[in-house]
Amino acid sequence: MSDIRESMHKLRKNLNLTVIVSAVLLLELMMGFMFYSAQNFIQRTMERMVNVEMNAIYLCIRNKLMKAEVTIDNMSWVVGEALNEPDWMFDITRRIVKNNTLFWGSGIAFAPNYYPAKGQYFEPYSARRGGDTIVSIQVAKEQGKYLEKEYYQAPLATGKSLWTEPYADHVEINGMTTTYSAPVRDASKRIVGVIFADIPLRILEDIMNEEKVYQSTQRFLVTGEYNLLAGKNSPLFREVLPLLEKDKDKEDYFMMKSKDGHEYHIFYTPVGGNTDWVLINVLDDNEVFGRLRMMRMMLMLPVVLGLVFAGLIVWRSSKNLKRLKKVNAEKERIDGELRVASEIQQSMLPQGELRVEGLELKGMLKPARQVGGDLYDYYIRDEKLFFCIGDVSGKGAAAAMLMGVIHSLFRSASAHENNPAHVMQTINETSCQNNESNMFVTLFIGVLDLPTGLLRYCDAGHDAPFVLHGTTSMLLPVKPHLPVGVFEDMKYDVQTATIQPDSTIFLYTDGLTEAKNTARKQFGIERVKDLMEGFVNESPQEMLEKIVAAVERFVKQAEQSDDLTMLAVRYVPVQFESTLSRELTIKNDVHEVAEFSRFIKSVNEELGLETSLARQIRLAVEEAVVNVIDYAYPEGVEGDITVQVLSDGRVMHVKIIDSGVPFDPTEIQKADTTLSAEDRRIGGLGILLVREQMDSINYERTDGKNVLTLMKKLK
């Protein structure tokens, strides 16, 4: 009997020990999870703060550099206009130095013997001599040493403005210096010399030493050849430098373990502009995570206290069970609402694969959550394809709401505007208003003219699209504008490219390149390039299916971390073979309308058109021609108007060509005929008549001429 009691006692003792050990392990796991979560949070916060800090430094540097670049580039034009006055060159350099405290000195180096009266070598130079004193001298005299200098040779070789590698100037500045130089061209656009300005590097040192979030931060500014511009040439810098030289993109983040065993966070990004400079931030890992590790050690004491309160936790857990059921019910309700929101969001996107004559499109959006912040859209107006793709900062419901706003703004802003830069400007100005959440959108907008293949586009911080033609692929060159929603006064520029027949434009969001596998490696732009090179004549549908399959093979079981959106546009124009071609040129005189009326009437008769159809065409074309006569040329200026009629028996194309002022009638908003004559806005009825009578109208400004094309289906 005593043996039984002893066995029961041991069992209870072991059971209690098991419970205690299990509780300890559970708490340790909880602490580990908390540490991991806190570490990730600190990591993200650190990256965000460093990026903000580097952006501030970057903007300060760019502001300094842009002042120098704009001044010298503008003055190169001034010098080119004043080449017949060599003595004035000293005054130009003196004014540059006087009006720009950033410059220590400025000069103009001319080609040998350009001014025989000044000697073989002529290099007027003005320099600051303490305070406001400025001295002007002829540096070259008879030596001509400037011919060997980088600031002289490089602009002549490339024809472009640039910054030199840093060099020691112990004569003028007594320190490290860099020079910005620009080519000077004469009236025949021949380079005859170089204008330049010397800038001491100590001004960059002052910027680099501005307030730091982390006191251990070490900053360096290097050239594309990794010569040090600003910062201390420390042993740590010499360890970081070889690692950066392997990266061709010059932009990334990584961790490094130094020779003394310390770990460092390395951030680097290009400065841009006319420089190949790189800004580097180095943080000590101990400053970032040291307190967190210390807190983890201190939290071991609560583990013991946690065991004491274990019973209390069990008791309270029963009460929390009811609360949990209530929370789950609320979660199910929210999930239901999110499903409805997802269906609404998907319904806003273009549905199916668009197939029209000369064009095939297919898009897809795969959100990381039930609703996402990516968007794409496309539609056709006036024989032009309007399309866009964008990525809202953040994820979830807030991003989805902003996505809907941007989608609506794109449709409304492009309804009567063919310039994508103007559309982008309108979207940016509207989205910046009351943007208290500081959310922004990377956005690409394109307008493809279907008859000519001319693509106008504007990029606001979005990844550059690919253009595929045959077995070749290339990234479309884009200007680095800021995303939409950052600055209300941001100016956007339009770019153009010609899309060859049988080409495909592929657009995507960073959910493609930044898709991660279980090892946290990204899919990357190189894998996307490899996929592009493997596509030959695939339809948009086939392209997207193969890309999705490749991404799924790469990520395997990893959870999708970002919205994935893609859009493929295949341009396959149909060749128009005309069986009838007629042309008439008239003057911008209303009395010429009678001759034109006879011309278009004879064309209609030659095509054998029925009376009602011929009347429609004649009415629409006459209205368009009269509009050109009235508005194409300034009052009192005589000009030609050429009308070309092409037809293959099925379709008629009427081209109205003039060399007058640029004017796009397709951008004029239609007149609202439901309003009374007093309330209706003046204008718009003529273009309304043309739109109603013809099947489509298209406008392009080509080689300094307005080309308005009207199309009518005859059968």
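1. The second largest pocket holds about 1100 Å³ of space. Here a pocket is an open set of points on a 1 Å grid over the protein atoms alone, with protein on both sides within 12 Å along at least five of seven lines. Grid points are joined across faces, edges and corners, and a volume is the space filled by probe spheres set on the points. The model is predicted: local features need pLDDT of at least 70, side-chain atom pairs count only at pLDDT 80 or more, and totals for chains, interfaces and linings use all residues. Residues are numbered from 1 along each chain as its sequence is written, and side-chain values use heavy atoms, with hydrogens and water left out.

2. The lining of this second largest pocket has 37 residues. Lining residues have an atom within 4 Å of a point. Glu383, Leu450, Pro451, Val574 and His653 lie nearest the centre of the pocket. Strand β27 (696-702) is among the elements that supply at least two lining residues, as are β26 and β28. β27 gives the most, with five residues. By class, the lining divides into 15 nonpolar, 11 polar and 11 charged. Ala, Val, Leu, Ile, Met, Phe, Trp, Tyr, Cys and Pro count as nonpolar, Asp, Glu, Lys and Arg as charged, and the others, Gly among them, as polar.

3. Check the confidence before going further. The protein chain averages a pLDDT of 81, and 84% of the residues score at least 70. pLDDT is the predictor's confidence in each residue, from 0 to 100. Over residues 671-684 the pLDDT is below 50. Beyond near neighbours in sequence, that stretch has 14 contacts in the model. Contact means heavy atoms within 4.5 Å.

4. Now the overall make-up. The protein chain has 16 helices and 28 strands. These are DSSP runs, numbered from the N terminus: helices are H or I with at least four residues, strands E with at least two. Of the 715 residues in the chain, 46% are buried. Buried means under 20% relative accessible area, exposed over 50%, partly exposed in between (1.4 Å probe, protein chains only). Among contacts with a separation of 6 or more, 64% are between residues 24 or more positions apart.

5. Two residues deserve a backbone check. Glu383 has a phi near 60°, a positive value in a residue other than glycine. Glu383 sits in the loop between β15 (374-381) and β16 (384-392). Glu383 is buried, with a relative accessible area of 17%. Arg520 is not a glycine either, and its phi is positive at about 65°. The place of Arg520 is in the loop between α11 (510-513) and α12 (524-533). Arg520 counts as exposed because its relative accessible area is 58%.

6. Next, the nonpolar cores. A core is a set of buried Ala, Val, Leu, Ile, Met, Phe, Trp, Tyr and Cys residues joined through side-chain atoms within 4.5 Å. The largest has 49 residues, and Leu385, Phe387, Ile427, Leu443 and Leu448 touch the most other members. Helix α9 (residues 396-413) gives the most to this core, with seven residues. Another core lies apart from it, with 45 residues, including Ile61, Tyr115, Ile203 and Met208. Leaving aside neighbours within four places in sequence, the contacts of Leu448 include Glu383, Leu385, Phe387, Ile499 and Tyr571.

7. The structure holds two cavities of 30 Å³ or more. A cavity is a set of points where a 1.4 Å probe fits but cannot get out. The largest cavity has about 120 Å³ of space. Its lining has 13 residues, of which Val628, Asp658, Phe663, Pro665 and Asn706 lie nearest the centre. Elements giving two or more residues to that lining are α15 (611-631), β26 (651-658) and β28 (705-713). The lining divides into 10 nonpolar, two polar and one charged.

8. The second largest cavity has about 70 Å³ of space. Among its lining residues are His469, Asp502, Phe535, Glu538 and Arg570. By class, this lining has four nonpolar, four polar and three charged residues.

9. Last, one histidine. His265 lies in strand β11 (residues 263-270). His265 is buried, with a relative accessible area of 0%. His265 and Leu283 are 18 residues apart in sequence and 5.0 Å apart in space, C-alpha to C-alpha. Not counting residues up to four places away in sequence, His265 touches residues including Gln43, Met46, Tyr253, Asn281, Asp285 and Phe289.
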